[in-house]
Amino acid sequence: MPTSKKVRAVSGRHSVLYPAIVEAARRVDATAVGLIDVECGAGLNLIVDRVGISYGSGHTLGDMASPVQVSARVVGERSVPSGSIPPVVARIGVDSDPVDTGGYPSAEAELLASTPHLLLRSSVSDAIGRVPVDAIPIVTTTWALSRLSREHRLRFLEELRGASRPLAWVSAEGVGVAPDVPTLGDRPASGHSIIGVAVVDDGMVHAEAVGRCWSKGAVLSWLV
């Protein structure tokens with residue numbers, strides 16, 4: 001069982017992913033979701049719904065009783081959306097070389113270990129096929145696509161387009177890195193990342209930039 005001592009998570013990715021997944025689920029009317037994290041490393045993004053997140057001024061998301069806590073600062077006029085991630089019925093990480101969680105703080109590693117999940121050395125399409133039919137797959141990439149060539153990034157998008165079912169894609173990537181996600185006129189390598197939400201259905205991708213973030217999620221600005 002996870003320890004009762006609360007610790008700060010390894011990264012701020014949860015603070016970005018949680019509201020973006022809520023927004024993606026809203027756009028596809030999801031009552032249940034399957035999380036698929038691409039280039040997942042240790043798979044820690046798969047417990048995003050089980051951590052507590054504080055954004056300041058009393059605004060929180062997730063499970064504030066969780067042993068794993070994240071804090072982030074919101075700048076700009078809009079706050080991150082309220083609401084909860086729908087029930088997660090599948091948690092699947094995709095990585096050619098998953099990372100051992102032994103080097104991570106025990107609370108986060110134990111929370112992952114206590115949560116049923118799969119780590120696959122296979123394709124995104126394979127992972128999508130493992131999500132129950134009554135749930136919407138939500139694919140996530142956080143600073144993962146920058147490690148791929150442009151050709152491979154476009155191939156990733158084509159794989160999503162080729163899915164035989166509706167899905168959503170949540171991304172937090174450098175400006176111009178995530179294919180089809182608007183750049184808001186920002187320059188590449190400008191020191192921040194774009195948070196994108198895309199709905200993919202019948203081969204069509206409808207993508208929107210919903211925010212910007214800095215320092216891998218420690219600071220974010222919500223736009224919608």
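Colleague: What percentage of the 224 residues in the protein chain is buried?
Modeller: This is a predicted model, in which local features need pLDDT of at least 70 and side-chain atom pairs count only at pLDDT 80 or more, while totals for chains, interfaces and linings use all residues. Residues are numbered from 1 along each chain as its sequence is written, and side-chain values use heavy atoms, with hydrogens and water left out. If buried is taken as under 20% relative accessible area, exposed as over 50% and partly exposed as in between, with a 1.4 Å probe and protein chains only, the buried share of the 224 residues is 53%.

Colleague: Why does the radius of gyration agree with a compact globule?
Modeller: The radius is taken over C-alpha atoms, and the globule rule is 2.2 Å times the number of residues to the power 0.38. For 224 residues a compact globule would have a value near 17 Å, which agrees because the protein chain has 16 Å.

Colleague: Among contacts between residues at least 6 apart in sequence, what percentage joins residues at least 24 apart?
Modeller: A contact here means heavy atoms within 4.5 Å. Of the contacts in the protein chain that link residues at least 6 apart in sequence, those joining residues at least 24 apart make up 70%.

Colleague: What is the order of the strands in the open sheet of nine strands?
Modeller: Helices (H or I, at least four residues) and strands (E, at least two) are DSSP runs numbered from the N terminus, and two strands pair if DSSP finds at least two bridges between them. The protein chain has four helices and 13 strands. The open sheet of nine strands has mixed pairing, and its order is E6-E13-E12-E11-E10-E9-E2-E7-E8.

Colleague: Which are the edge strands of that sheet?
Modeller: An edge strand pairs on one side only, and this holds for E8 and for strand E6 (73–74). The edge strands are therefore, by the pairing rule of at least two DSSP bridges, E6 and E8.

Colleague: How many residues of strand E7 (residues 88–94) are buried?
Modeller: Strand E7 runs parallel to strand E2 (residues 33–38), with six bridges joining them, and Val38 stands opposite Val94 in E7. E7 also runs parallel to strand E8 (residues 118–120), through three bridges, with Ile92 opposite Leu118 in E8. E7 is mostly covered, and its buried residues number six of seven.

Colleague: Which residue in strand E9 (residues 136–142) stands opposite Asp37?
Modeller: Strands E2 and E9 run parallel and are joined by five bridges. In E9, the residue opposite Asp37 is Thr140.
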